[in-house]
Structure formats: C-alpha cells, structure tokens
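Visitor: I am new to this structure and would like to learn what stands behind the terms used for it. Could you show it to me and then take my questions one by one?

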Amino acid sequence: MLGTQLQRARSGEITPAMERVAERENRDPEYVREKVAAGEAVIPNNHEHDSLDPMIIGKDFSTKVNANIGNSEPESDIETEREKLHTAVEYGADTVMDLSTGGDIPELRAGQIEHSPVPLGTVPIYEALKQAGSPEDLTADLLLDVIESQAAQGTDYQTIHAGVLKEYLPLTDGRITGIVSRGGSILAEWMESHGEQNPLYTHFEEICAILAEYDVTISLGDGLRPGSLADANDDAQLAELETLGDLTERAHEHGVQVMVEGPGHVPLDEIGEQVEYQQEVCDGAPFYLLGPLVTDVAPGYDHITSAIGATEAARHGAAMLCYVTPKEHLGLPDAEDVRDGLAAYRIAAHAGDVAAGKPGARDWDDALSQARYNFDWREQFNLALDPDRAKEYHDQTLPEDNYKEARYCSMCGAEFCSMRIDQDAREGEEMAGLDADVDLADSPAADVNLPPTGKHDTSGLPTVPEALCDHAEGEGLPGDD
C-alpha cells in the first residue's frame, strides 16, 4: 500500500508529487514535505487519477482557485460538462469540483477524471441522494458505498458534511436564510426524520479508512454556513466549526489529508477574523472558502461581490477560493460564466498573494506595467490574465495592426495620453529617464502567479484539447507512483 501524502511526509519521504509541487511553487522540496507533514498543506492526489499534475493547497503557498462545474437534472450533458472542465482549466482553475446531480453521474465523473490534469473533487451525498430518492431514505451503508466508489474512480478530494450535528439544528431557527448548504439541508432533513445523529459523523472512522486507502483528501464541509450577511458568524456556524476542528484531528490520526470549508456570506470587516479563527480551531489546516460575498444585493454580479471578499480572505491566509460565477443564485453556469468566474477569482487570488507578500507575486504586475508604459501592445496582451479578452477590447476601436505600434489607445487618444506625454518629457531630458527592467524568467513566483494561466502537464491526458494546447508543460510528472 502506497500510503497517503500525509503519512509519507510524516515518515520523512519526499514523494514525486512533492517534487513536482516544489517545482511549480518555486520552493524547496523539503519545505513542501514539512508543511504536508504538519497538516498545514494538502496535495490532493488519488492513486487512481493517472492524468493528474500534482498541486498543493496551503496558506504558505500561492492561493489556489477551485471551479465548481456539473450538471443538474434538467440541464447539461457530458459534452457540455467536458467543455466546462476544459474552459475551467484553460482560464486558471487549480481544481474542479463535479457537483453533478443528473444523468449517469458515475459515467460523467469517470470521463472528467480521465480528462482532467487538475484535482477533481465531489460531494458524495449528492449521488447518494439520487440513488436513495429522498433524504429520509438515505442509509449509512449507501453513503459509505458511494464514498468508496467515488474514491475508487479517482476523485482527489471529497466534501463530507460530518460537522452538521443534530443538536446544532435548532441554532438555525432564527436565521433569515436557514440552511443553504445542499449537503447540510439533506442531512438536516434526515436527522429530523429519523431522530438520530448525522451518519457521516457517527461513521467518520470508517470514512477515514476509505479515504486513506486511496489518498483522497477530505474537505470538511460547512453544512451550516451562512447564506446571508445577517446569518454570518452565528452560533450554528461557529458550533459546526468547533466540530470540524475535532474532526480535523481525528482524520489526521488516520493519515488522511484535511482541508476545511468556509462560509459564503460574510461582511467585509469580519473576513480576516473569520479566517484567523478557523486556522486556530482547525490547527492550521488549509481553509477553503466559497467567496465570501460581502453584500447580498447584486444577483447577476455575485462573481464581483464575492471576489471582493475572496481577496480579503486570501490576504489573511485562505488557502483556496471557490469561485462564484455571474449565475450564482440564478441558474446553472455555462462555459462563458465559468470563464468570467475564473477571471474574477484569479484576480482575487493574485491580489491576495501580492498583498500578503508571497514570493515574486508582484513581478507579473510589474512586467505588464512595463509593457503598458512602453506601448508594447502585443506583450501587454500576452501578459494579460485573459489575453483574448484584452485584445478583443482593444481591437473594438483600434483593430488595424498599425495601432499595435501606436503610443495611445482610444481611451485618451494621442493628444491626451499621459504616458506618451511623460515619455516625451523624459526623452527631452526635462525629466530623468526610467530604468526599470523586469525579467519574469528570474521571478521566484509560483506558477499560478506567472503568465499564462492554466499551466499544467497534460501528458497524462488521453488527448489534449485545443483549449489547453497553449498551456501544456513538457513531459512532467502526471501523478504519483
């Protein structure tokens, strides 16, 4: 038996996955091993996910972004979901979660795992509910069977809502939005119907044994998270968090890697405190947040309201941000929504890393600023987070090639362009010249803080889709042995 990344790190071994992570993060492999051994970072790396390019999640590394994809009963098919997967990877998703609730879920998931170079996460209770037909018909045996079957397929992490306890349910009675987690609401209905404790809690040791066998990282779900600003940091949320701290310790005792999920709606001034409190309660385990949204008034723009909160969370040590798309609260996102959500969250993660002083994080900003000042339009497009979008917007008003050499854009025109005026003044010796020179080749930044987005070793994929061809990296190490 190979053992988990946590078990191997604790034994002193630097695994191939740790070596690859060190390369991608520009860190020493021993530093990676120490953080994994301490439970402060995870490398989601199921033994059965052969196409995986290993990555790491932890506050001492670059902030990562997850993209939720998946179908619903009335919408989406396998081809559409594959397109969303590759769109997510192309535009910078470090992991994806398949939250499908319709169709042949195992068949869809098997294809997504085979075609994904990034870790793939799931929420097993969704498939279990589809099999059972109703929350009250769920059984512990069914939940364990689904968890094991998904692990055997190659899922790299699973959200398990084991912290939603029966005695916490009355704490939600005074809320505006009740229980907004799908997993939390399903379990609440089961507990109310049966008058018994959460089976994911009572069978937690068995769950850990399954996950340890395949090295599936457990993502401890926040089933009582707030769904509105009014409900943030209430007794229900904090009671569950205390339980998640206990479960973190228990999972670590089984050698299971752990990250902890966090709330989706938090006032801006409370986010830093929320992140720091989680780190204290959960012994430094990586914190994985949905958003959080900092206002509830902007349906259709919640990729923006949540990216504001995500930036603040990243600045204070959140390890991974779960993106929100413009369709949040409104409908199932399509590929274009995935693109927009990822742009917002790559900005949030990068800005958080710059603010937190992560090694080399600002070098990308400096390189693009230099290209902008030099009116090097082609380099500016190449360095942009979304090069196609940047070029598209520029070319809407100045499409001809000669404008790629122009010392202005359509915002100010030639006469009023401040950078052109500044350059002319410096060339005329009225002001001192500028001697800044940024070379990204020498940057100590992690891969995700350098262009282009979505760089992965794709050699383990059965075929490399056109969308990922420009992002492929060499031969590499697709997965661990």
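Guide: Aspartate 283 sits in the loop between α12 and β9, where helices (H or I, at least four residues) and strands (E, at least two) are DSSP runs, numbered from the N terminus. This is a predicted model, in which local features need pLDDT of at least 70 and side-chain atom pairs count only at pLDDT 80 or more, while totals for chains, interfaces and linings use all residues. Residues are numbered from 1 along each chain as its sequence is written, and side-chain values use heavy atoms, with hydrogens and water left out.

Visitor: Why is aspartate 283 called exposed?

Guide: Buried means under 20% relative accessible area, exposed over 50%, and partly exposed in between, with a 1.4 Å probe and protein chains only. Aspartate 283 has a relative accessible area of 57%, so this residue counts as exposed.

Visitor: What makes the phi of aspartate 283 worth a remark?

Guide: Most residues other than glycine have a negative phi. Aspartate 283, which is not a glycine, has a positive phi, near 60 degrees. Histidine 329 also has a positive phi without being a glycine, in this case of about 70 degrees, and histidine 329 is placed in the loop between β10 (320–322) and α14 (335–356).

Visitor: What makes the unit of β7, helix α11 and β8 right-handed?

Guide: A crossover is right-handed if, with the strands pointing away from the viewer, the path from the first strand over the helix to the second runs clockwise. The β-α-β unit made by β7, helix α11 (residues 235–253) and β8 is of this right-handed kind.

Visitor: Why is the contact between arginine 389 and glutamate 336 called a salt bridge?

Guide: A salt bridge is a side-chain nitrogen of Lys or Arg within 4 Å of a carboxyl oxygen of Asp or Glu. The closest N and O atoms of arginine 389 and glutamate 336 are 3.0 Å apart, so the pair meets that cut-off. Because arginine 389 lies in helix α17 (residues 387–395) and glutamate 336 in helix α14, the pair ties together parts that are 53 residues apart in sequence.

Visitor: Are aspartate 353 and lysine 358, which also meet in a salt bridge, buried or exposed?

Guide: The N to O distance in this salt bridge is 3.3 Å. Aspartate 353 has a relative accessible area of 0% and is therefore buried, and lysine 358, at 15%, counts as buried too. By contrast, glutamate 336 has 39% relative accessibility, so the term for this residue is partly exposed.
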